[in-house]
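Dear colleague,

I am handing over the structure below, and after it you will find some notes on what turned up in it. Please read them with the model open beside you.

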Amino acid sequence: MNPVGASVSTGGNGTPWRREPRTGSGVLTLPPLLTVGVDIGGTKVAAGVVTPQGQLLECVKADTPHLSQSPQVVEDTITELVQPLMRRHEIYAVGIGAAGFVDSARSSVLFAPHLSWRNEPLREVMSQRLRVPVVVENDANAAAWAEWRFGAGRGEGHLVCVTLGTGIGGGVLVDGALQRGRYGVAGEFGHMQVAPGGHRCECGNRGCWEQYASGNALVREGRELALAKSPMAHGLLRRVEGDMSRLTGPLVTEVAAAGDQAAVELLADVGDWLGIGLANIAAALDPGIFVIGGGVSDAGELLLGPARESFRRKLTGRGFRPEARIVRAELGNDAGLIGSADLARQVARRFGRSRRQRQRRRTNPRER
Ligand SMILES: [Zn+2]
């Protein structure tokens, strides 16, 4: 570490401290707090160095270990990604974002659908291995935090972030504070039942919102259209050369953007369902903004236009209340990583503050 600036003193542990030149009050400050965010996805684990302004300085990736492998293999992967970053940058803390249930103390992963973690004390294990403070966060919470701090939700502390991927992830901020719930599992909007007796969900229930407003729903409906031998499906069939098993969400978006009517309608249907679910959430939480992220949100207005219309039609108290804005997320795939890193920074700051206090007491023993 080579902190820039004038007078550098060295603390008892050999850490150089920079004297803040602006104040002249002798207040000692730490150099910029760089933190690492780790995002554990279904296929890739990504780790990146993030500045206090939310800028991603460097990012490295590896394949996500298979579900059948021991928890330790995932922890090895994280360590192998993060340690080289820590050698190249001065890192104060690490935030790990994972899909799954994270306890409200943000220390253990209770359950992760893509990994072998069950009640895994991840914070303790990883802080011992990496020797810096570690926080663990649900990936959708981390994304919501990032969009509020640096993305589409800046300035609106009452925010709901909905991530549309293969399923639906959700994160809630009330007055700028993440709402994790009593047990850490708040914001699982994907499993709100919007169609009783509807499509079966992998959670075991029927009619969950993510069966209607996700990437999986988009693909299922596209294939169904083709199976019905509808001439409407001609454009989609041509794009996948007659093999509908090759149909993906991004392909539907691509064909819709080129003006194919069936693909436009498929996205509009998903948008309709999206608006219905958002109206339900608004009835409960009354946010000022909905930030819509995840792969399906790449469809932009083809999705959000219909979502706003159905939201308006279903909103409780419509006509007598201000409406929440529905906007597209800005940080894309990096949201979870940037959010995890920024949440870790809060811990690093506390850590830094206590180090700073210890340092000041050493220099001036009368100060308490
Ligand atoms: Zn479900």
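Gly294 touches Thr163, Leu164 and Gly165, leaving aside residues up to four places away in sequence. Please keep in mind that this is a predicted model. The C-alpha atoms of Gly294 and Thr163 are separated by 4.7 Å, although the two residues are 131 residues apart along the chain. Gly294 sits in the loop between strand S15 (289–293) and helix H8 (301–314), and it counts as buried because 24 other C-beta atoms lie within 10 Å, where 20 or more are required.

Turning to the sheet, 5 strands form an open arrangement in the order S6-S5-S4-S7-S11, with mixed pairing. Strand S6 (56–63) and strand S11 (134–138) stand at the edges with a single partner strand each, so one side of each is left without a neighbour in the sheet. The twist averages 20° from one strand to the next. Strand S7 (residues 91–98) pairs with S11 in the parallel sense over 5 bridges, and within S11 the bridge partner of Val94 is Val134. Helix H2 (residues 122–130) packs on the sheet, where it touches S7 and S11, and its direction makes about 140° with that of S11.

Val94 also touches, among others, Val38, Met126, Leu130 and Ala344. In the largest nonpolar core, which has 99 residues, Val94 is one of those that touch the most other members, together with Val38, Ile96, Ala144, Leu267 and Val270. Helix H7 (residues 261–285) gives the most to this core, with 12 residues, and the core draws at least three residues from each of domain 1 (7–142 + 333–367) and domain 2 (156–329).

With best wishes

Technical notes: Residues numbered from 1 in each chain as written. Predicted model: local features only at pLDDT ≥ 70, side-chain atom pairs only at ≥ 80, totals over all residues. Core = buried A, V, L, I, M, F, W, Y, C linked by C-beta atoms within 7 Å. Buried ≥ 20, exposed ≤ 12 C-beta atoms within 10 Å, placed from the backbone. Helix = DSSP H or I, 4+ residues; strand = E, 2+ residues; numbered from the N terminus. Domains from an automatic or database assignment. Contact = placed C-beta atoms within 7 Å. Pairing = 2+ DSSP bridges. Axes fitted to C-alpha atoms, helices over the stretch in contact; angles between N-to-C directions.
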